[in-house]
Structure formats: C-alpha cells, structure tokens
Amino acid sequence: MSAIEFDIETNGLLDVLSKIHCICTYDKVNDIKESFRPNEIMDAILYLEDADELIAHNGFGFDYVAI
C-alpha cells in the first residue's frame with residue numbers, strides 16, 4: 001500500500017500554464033521522498049498513477065487539472 005502526498009511547481013496558474021517544473025512526492029506509508037525534475041515528469045505521473053491513495057493540498061483545484 002502507498003499513500004502519496006505530492007505537490008507540483010509550474011510556470012503559472014491554469015490560465016497561462018505551459019510547463020511543470022517539478023513534482024515532489026512523499027510516500028507516508030513507506031517513508032519515501034522523491035523529486036522529479038522537468039525531464040522526469042512522465043515518470044512522476046506514472047509513479048502517482050500506481051499509488052493507492054493521493055493527497056494534494058489543492059489537488060482538485062490545480063494539481064490534478066494541471067497534470
């Protein structure tokens with residue numbers, strides 16, 4: 001089981017967003033921290049897709065939409 005907290009950093013809000021700079025994650029069940037750089041964004045998305053649970057501060061309002 002994995003419960004992953006995550007946050008993304010972008011070049012702007014949804015109305016001007018064109019790039020995700022990084023995605024940082026913390027698997028609170030397994031105590032694993034990860035940082036994905038711009039060239040690893042697809043790896044981050046695949047990692048998040050495998051999670052049993054996702055936790056984001058503003059997931060529905062920004063992070064999920066941006067990804």
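Of the contacts in the chain with a separation of 6 or more, 44% are made by residues 24 or more positions apart. The model is predicted, and 31% of its 67 residues count as buried. For a chain of 67 residues, a compact globule would have a radius of gyration near 11 Å; the value here is 12 Å, which agrees. Along the principal axes, the C-alpha atoms fill a box of roughly 35 × 25 × 15 Å. The accessible surface comes to about 4,500 Å², and carbon and sulfur atoms contribute 51% of that area.

**Strands and sheet**

Two helices and four strands make up the secondary structure of the chain, and they follow the pattern β-β-β-α-β-α along the sequence. The four strands form an open sheet with mixed pairing, in the order 3-2-1-4. Strand 3 (32-36) and strand 4 (53-56) stand at the edges; each has a single partner strand, so one side of each is left without a neighbour in the sheet. On average, neighbouring strands of this sheet are turned by 20° against each other, direction ignored.

Strand 2 (residues 20-27) pairs with strand 3 in the antiparallel sense, over five bridges. Ile 23 stands opposite Phe 36, a residue of strand 3.

**Helices against the sheet**

| Helix | Residues | Strands it lies across | Angle |
|---|---|---|---|
| Helix 1 | residues 41-49 | strand 1 (3-10), strand 2, strand 3 and strand 4 | about 35° to strand 2 |
| Helix 2 | residues 59-66 | strand 1, strand 2 and strand 4 | about 75° to strand 1 |

**Aromatic side chains**

A search of the whole structure finds three aromatic pairs. One of them joins Phe 36 and Tyr 47 in a tilted arrangement, with 5.8 Å centre to centre and 40° between the planes. Because Phe 36 lies in strand 3 and Tyr 47 in helix 1, this pair ties together parts that are eleven residues apart in sequence. The two partners fall into separate accessibility classes: Phe 36, at 10% relative accessibility, lies under the 20% limit and so counts as buried, whereas Tyr 47, at 23%, counts as partly exposed.

Phe 6, Phe 60 and Tyr 64 form one aromatic cluster.

Conventions: Residues numbered from 1 in each chain as written. Predicted model: local features only at pLDDT ≥ 70, side-chain atom pairs only at ≥ 80, totals over all residues. Heavy atoms only, no water. Pairing = 2+ DSSP bridges. Axes fitted to C-alpha atoms, helices over the stretch in contact; angles between N-to-C directions. Contact = heavy atoms within 4.5 Å. Rg over C-alpha atoms; globule rule 2.2 N^0.38 Å. Buried < 20%, exposed > 50% of the residue type's maximum accessible area, 1.4 Å probe, protein only. Areas by Shrake-Rupley, 256 points an atom, 1.4 Å probe, with all protein chains shown as cover. Phe/Tyr/Trp six-rings, centres within 6.5 Å; stacked < 30°, edge-to-face > 60°.
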